[in-house]
Amino acid sequence: MENMAFILSVVFFVFFIFYMAAGLYIFFRSPKESISWVLLAALVALSLWTFGFSIAISAADYETCLFWRRFAALGWGSFFALLLHFSLLLTDRQALLKHWWVYLLIYLPAGIIIYGFAFANHLALHNLLASDWGWVNLPQNTAWDLFYNFYYMGYSLASMVMIWRWGRRHHEAKIKKQAHLILGCFFLAFLFGTLTDTISNAYLDMAVPQIGPIFFLLPVLSMFYAKNYFGLISAEPDQQESWISNIISTRKVYRYLSITLILGGGLNFVTRYLISQESNLGEVLILSGILIACGLTIQILQRLKVSDNRKDFLSVLLLALLIPVVTLQFAESGAITVWAFPFILLIAFLVFKTQLLLVIMTISIILTQIIVWMLVPLTYVEVNGVDYLVRIGMFGIAIWLCYGINKLFLLRLDETAEKMALQELITQISSDCVGINQQNFTESIDSLLRTSCEFFGIDRAYICLFDREQETFSCIQDYCRPGIYSAKDRLQNLPIDANHWRMEKILGNELFVASDFSMLPEFVNVELIDAEIRLPKSQLIAPIASKEKIIGFWGLDTETRLLDWQDDHLNFAKIIANILGDTLSRIDSEKELSYLAHYDEITKLANRNLFTNYLYFSMVKQEFTDTYLGIIFLDLDSFKTVNNTVGHEMGDELLFLVGEKIKSVVDKTDLVSRFSGDEFLIMISHIKNKDEMAEIAQKLMNLFNEPFILKGQEFFMTASAGIALYPMDGKDPEALIMNADIAKFKAKEKGRNQYLLCSADMKEAVNTQNQLTNFLYRALEKGELKINYQPQVCLRTGRVTGVESLLRWQHPELGLISPGVVIPLAEKTSLINPIGEWVLETACRQNMAWQDMGMKPIMMAVNISASQFRNPNLVSQIEGILEKTGLKPEYLEIEITESTAILELSDIISKLNGLKEIGVSIAIDDFGTEYSSLGRLKMLPLDRLKMDKQFVDGIGSNHKDQAIAMAIIQLGKSLGLSVVAEGVEDESQISFLKTSQCDLIQGYYYYKPLEATAIEEILKLQG
């Protein structure tokens, strides 16, 4: 009996310790929730139940057993009412608890039971019997026994029914699993407890000890499991711990200390009461209670909202007071065994940085030993088996404490190593991301994802980006460990549903954390199920932000195991998300800069740089084929008119439409570029011959047959194009583009709205023109330009009355170059103004030189081009030359062509009147060949008409030419103008012009263009 009673007492005491610790653990995890308070009360009731039984079952006499049986009634009498209350809270029936009478119905039966079995001594409800199992209670089946049976069975069944219905009405798998687990454990505890505590003793006459509270370990464990895996009771987040040591958390040290004190209380009770049975039960309980209370108090102190230093000071002060209390309990024996007890406490404080804590403990230990020495200076003690058991127990506790602290050391060292490795990984990733660009983006991101998976043992890592225009997201890249399939193809263009739980967190810039996907509500996974994506077991997703906007997310999945995501995982996910956000933002900026550098902002077409580079590489590839590469240089005709009439914004839109139309004609392998202004370049690859290129060019020209619609308004445009083929028309991009431009220019010269293929003649003409242009820039300073003078003869007197100055260019290599070439070149290169000014000054100076020789003054005719007439300072320039050379204005005649006369009429008249005011004569050269307008002619202040050579040539044989010549002479006479006939070469022309009363003639019949010295001789001869 004694052995079995001892074993059961120890078992009950162990369960007492466990239930108390479990209750406090759950309470401290969630002290603000009402369900935590009720569960704490239920576990305290179980603690009272088991503690009372631990003493009663092995009590030395009937009275002691009866007392502790009544003490245990406080526990089992209230437990089932608390169980029903807990079930109401668990199954979401809090509404019932708003009524006071519900509490009365729940706890009134419990109060009656406690009164009858714990306090009503006169009722004699306990029938105790000493058996082989220790003291047992044999129910007498009185009304009180039946009432208790009805109470515990009814409340237990009611609780189980509520839990069953709770699980049944919920559709979430998480709730169902939780309900089934708790219900099953409650049922087993109820079944076994009823068999041992009620049926066997009351109805089968079996003296079996009541061990019902032991079976309730099952529902307690089920609630712990539900808390950890289902969130039965929401744990409040721990406040940030302060670190007294870099290595060990003070909370964990104090946790070990609390457990040590509680184990010490248990060791005291087991060895001094249950084993030796020599000590006074009251003294044993007081000391055990003090130790257990100190352990619990330390945990309470750690949860106070005070500073860490104050918590440490209060905890050490409590332990310093505990040392003399425990030691003085054994002062009579000189504390022969428990003297080493303080060393257990010192072990814990070895790791603290604050030496004051050790000083306080040291003072307490030394003073305590001095007090014991003073109280018992000399003693003789007997060491028996109990003392050895106490020593062994103390050593065991000390070893356990050392093992725990050592474990903390090693754990923290491992964590430190992992953190260092993690920090190195983050540093490496951050460094690698700095070098990511558009070219190595895929390779670098793959390395990042792979490294992340390998470091944490993750199965899959991926990056998804949002398309805000389409309101979708797509996976741009993922990495999967061997054996794990990729979901990248299925994660394409999925809708961004802001109402979805996962997406709501991402868009709110929050982490999505799921350690066990099976515990999530079904609606969370609908998105993945619809996309036919295999659900992971654990998932961590971090949003990626750029410029304060969520642009996507990156995630980590596990498929082969559940992973409880830790702070390291969460912090790593956030840091990498920030790095990715910065990297993607930088790459977007680079893309934008690259786009601006290679594409036209208006038409979105390739710009000149990109086109030239692409053309170069295409020419290299073309070397290995038997086809040609074509370039079409297209220019819009009169595009400036569009800008001037409807504005540049509409002009830009028109350019965009033209670019879009051109792209619709060519293949995707071809390239369209806006070269500059209203010019487009089109590269056509794989051309078989010129005919195929011409067909494509014609398609482009046909695009302009239809109007362009801009804001409801039609615009008709034409274009001119030039074509060059590689390799015939150029060996490099610059030459090919230049020759296409040459062909385009020729197409414009031929009347526009057409295309021309570049030819050898075109290139030769342009090369010659370029060569002459380069020579012309140096001709004036090198003295290659000179002036010849062709006399003008009066028909009436036969005397030379004037000369026309004619520009000549004598090149040392090319010889004499025609004025028909020189003048157009000078006009194109803006050299016409300095050359014209030189001609005018030279002619005036020569005329003055002849006069200085004593010769009779004659008229000097000088041609002024249309380009010179655009000079706003023309009149003052001529006036200045006259003053500079000393020539009188009446001996200078300015010749203008009809093309000059069609310029802005008011401007021309103003300048001609200015010349007339200073006394200069004005003549129209080549009259009748261009834009002869009699309306304008009468408005100009002219002095002379010069009839063009083409009308003089046919005078002797063509009646029409005679009629025209006669009409021009008569027109001049009618307007009061003298008439000069140019190009007179034979006698018949002279005869007709005399008859027609022409005033002057100029031609080879009398004189060719001559140098100044020859004119000097002529003037000398005629006196």
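The buried residues of helix α33 are covered by several elements, including strand β21 (921-927), strand β22 (944-947), helix α32 (949-953), strand β23 (978-982) and helix α34 (987-995). In this predicted model, the residues of α33 that are buried are D961, A965, I968, I969 and G972. They cover an arc of only 95 degrees around the axis, which puts them on the same side of α33. The face turned away from that buried side carries the exposed residues H959, K960 and S974. Helix α33 itself runs over residues 959-974 and has 16 residues, and the distance from its first C-alpha to its last is 22 Å, close to the 22 Å expected at 1.5 Å a residue. Just after α33 comes G976, which takes a positive phi of about 80 degrees.

The largest nonpolar core has 72 residues, and the members that touch the most other members are L776, W850, I878, L892, I894, M947 and L993. Helix α26 (residues 832-852) gives the largest share of this core, eight residues. Apart from this core lies another, of 59 residues, among them I35, L90, A179 and A189.

The 21 residues of α26 should span 30 Å at 1.5 Å a residue, and its end C-alpha atoms are 30 Å apart, which agrees. After α26 comes G854, whose phi is positive, near 95 degrees.

We turn now to the charged side chains. A search of the whole structure finds 25 salt bridges, and one network of such bridges links E804, E895, K946 and E982.

An α-helix has 3.6 residues a turn, so residues three or four places apart point the same way. The side chains of D446 and R450 meet in a salt bridge, with N to O at 3.2 Å. As for accessibility, D446 has a relative accessible area of 25% and is therefore partly exposed, while R450, at 29% relative accessibility, also counts as partly exposed.

K744 forms a salt bridge with D741, in which the closest N and O atoms are 3.0 Å apart. Which class of accessibility does K744 fall into? At 7% relative accessibility, K744 counts as buried, whereas D741, with a relative accessible area of 29%, is partly exposed.

A further salt bridge joins the side chains of E510 and K505, at 3.5 Å from N to O. Here E510 is partly exposed, with a relative accessible area of 42%, and K505 is partly exposed as well, with a relative accessible area of 22%.

What is the nearest side chain of opposite charge to D145, and how far away is it? D145 is buried yet has no salt bridge, and that nearest side chain is R69, which is 10 Å away. The place of D145 is in helix α5 (residues 143-169). Not counting residues up to four places away in sequence, D145 touches F117, P139 and Q140.

The last stop is Y103, found in helix α4 (residues 100-119). Y103 has a relative accessible area of 33%, so that this residue is partly exposed. Beyond its neighbours within four places in sequence, Y103 is in contact with H85, L97 and L108. Y103 and A81 are 22 residues apart in sequence, while their C-alpha atoms are 9.5 Å apart in space.

Terms used:
Residues numbered from 1 in each chain as written. Predicted model: local features only at pLDDT ≥ 70, side-chain atom pairs only at ≥ 80, totals over all residues. Heavy atoms only, no water. Helix = DSSP H or I, 4+ residues; strand = E, 2+ residues; numbered from the N terminus. Buried < 20%, exposed > 50% of the residue type's maximum accessible area, 1.4 Å probe, protein only. Lys, Arg positive; Asp, Glu negative; His and termini not counted. Salt bridge = Lys/Arg side-chain N within 4 Å of Asp/Glu carboxyl O. Contact = heavy atoms within 4.5 Å. Expected span 1.5 Å × (residues − 1). Arc of directions from axis to C-beta. Core = buried A, V, L, I, M, F, W, Y, C linked by side-chain atoms within 4.5 Å.
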